[in-house]
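Welcome, and thanks for taking a look at this briefing. Please open the sequence and the 3D view side by side, and then read on.

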Amino acid sequence: MAVKMIIFAACVATALAQYAAPAYPAQHAYAQAEHAYAPTPYNFEYSVNDPHTYDVHSQSEYSDGNGYVKGTYSLLEADGSTRTVEYTADDHSGFNAVVKNEGGYKAPSYSAPAYKPAYSAPAYSAPAHSAPAYKPAY
């Protein structure tokens, strides 16, 4: 009986050992990571003009390295118009964008013609017979 108790205790100890606390401290999800490098100013620009796929777009952006970013991008829409977005972003004002649409398909102006019937309405004369008189049957 003692051997059975020892084996049972060993099984319970083994099962509980897998739930032991880790030896290292857990990282908190809300902890903010430190930047390894200081921000650096940058400036970039590109454009694409592919006549086979009608992919026409461009972008340019500038950053002073202190959190201020200014840029613009444009793209050719399916209707032929060009969408241009000019944006700025900084720590004080956040992200601000101004969107402009230029050109594109303009539908022709159309006004429906006034209604005219194809023929005049027929004129009916009064019926030749008189209406039946109602006579109750009691």
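How many bridges join strand 4 to strand 5, and in which sense do the two strands run? Strand 4 (residues 81-90) and strand 5 (residues 94-103) run antiparallel and are joined by 10 bridges. Please keep in mind that this is a predicted model. The protein chain has one helix and five strands, and the points below take you through them by topic.

**Overall layout and confidence**

- The protein chain has 138 residues, of which 9% count as buried.
- Mean pLDDT for the protein chain is 83, and 86% of its residues reach 70 or more.
- Confidence is lowest in helix 1 (residues 2-17), where the mean is 79.
- Strand 3 (residues 69-76) is where confidence is highest, at 95.

- Strand 3 pairs with strand 4 in the antiparallel sense, over eight bridges.
- Four residues lie between strand 3 and strand 4 in their hairpin, and Gly80 in that turn has a positive phi of about 95 degrees.
- A second hairpin leads from strand 4 to strand 5 through three residues.
- To see how the strands line up, find Tyr73, which stands opposite Val85 in strand 4.
- Then look for Tyr87, which has Ala97 of strand 5 opposite it.
- In a regular strand, side chains alternate between the two faces of the sheet.

**Aromatic contacts**

- Three aromatic pairs are found in the structure.
- In one of them, the rings of Tyr73 and Tyr87 have their centres 6.3 Å apart; their planes are at 50 degrees, so this pair is tilted.
- Because Tyr73 lies in strand 3 and Tyr87 in strand 4, the pair ties together parts that are 14 residues apart in sequence.
- Is Tyr87 buried or exposed? Tyr87 counts as buried, at 7% relative accessibility.
- Tyr73, its partner in the pair, counts as partly exposed, with a relative accessibility of 32%.
- Together with Phe95, Tyr73 and Tyr87 form one aromatic cluster.

**Salt bridges**

- The structure holds two salt bridges.
- One of them joins Arg83 to Glu77, with the closest N and O atoms 2.8 Å apart.
- Arg83 counts as partly exposed at 33% relative accessibility, and Glu77 is also partly exposed, with a relative accessible area of 22%.
- Lys100 forms a salt bridge with Glu86, and here the closest N and O atoms are 4.0 Å apart.
- That pair links distant parts of the chain, 14 residues apart: Lys100 belongs to strand 5 and Glu86 to strand 4.
- Lys100 is partly exposed at 37% relative accessibility, while Glu86 is partly exposed with a relative accessible area of 38%.

- Which residues make the nonpolar surface patch of about 310 Å²? Phe8, Val12 and Leu16 make it.
- Phe8 is found in helix 1.
- With 54% relative accessibility, Phe8 counts as exposed, because exposed means over 50%.

- Most residues other than glycine have a negative phi.
- Tyr54, although it is not a glycine, has a positive phi of about 60 degrees.
- Where does Tyr54 lie? Look in the loop between strand 1 (42-50) and strand 2 (55-63), which is where you will find Tyr54.
- Tyr54 is exposed, and its relative accessible area is 67%.

Notes. Residues are numbered from 1 along each chain as its sequence is written. This is a predicted model: local features need pLDDT of at least 70, side-chain atom pairs count only at pLDDT 80 or more; totals for chains, interfaces and linings use all residues. Side-chain values use heavy atoms; hydrogens and water are left out. pLDDT is the predictor's confidence in each residue, from 0 to 100. Buried means under 20% relative accessible area, exposed over 50%, partly exposed in between (1.4 Å probe, protein chains only). Patches are made of residues with over 30% relative accessible area and no salt bridge: like charges are joined within 9 Å, nonpolar side chains (Val, Leu, Ile, Met, Phe, Trp, Tyr) within 5 Å. Accessible areas come from the Shrake-Rupley method with a 1.4 Å probe; for residues, only the protein chains shown count as cover. A salt bridge is a side-chain nitrogen of Lys or Arg within 4 Å of a carboxyl oxygen of Asp or Glu. Two strands pair if DSSP finds at least two bridges between them. Rings of Phe, Tyr and Trp (its six-membered ring) pair if their centres lie within 6.5 Å; planes under 30 degrees apart count as stacked, over 60 as edge-to-face and the rest as tilted.
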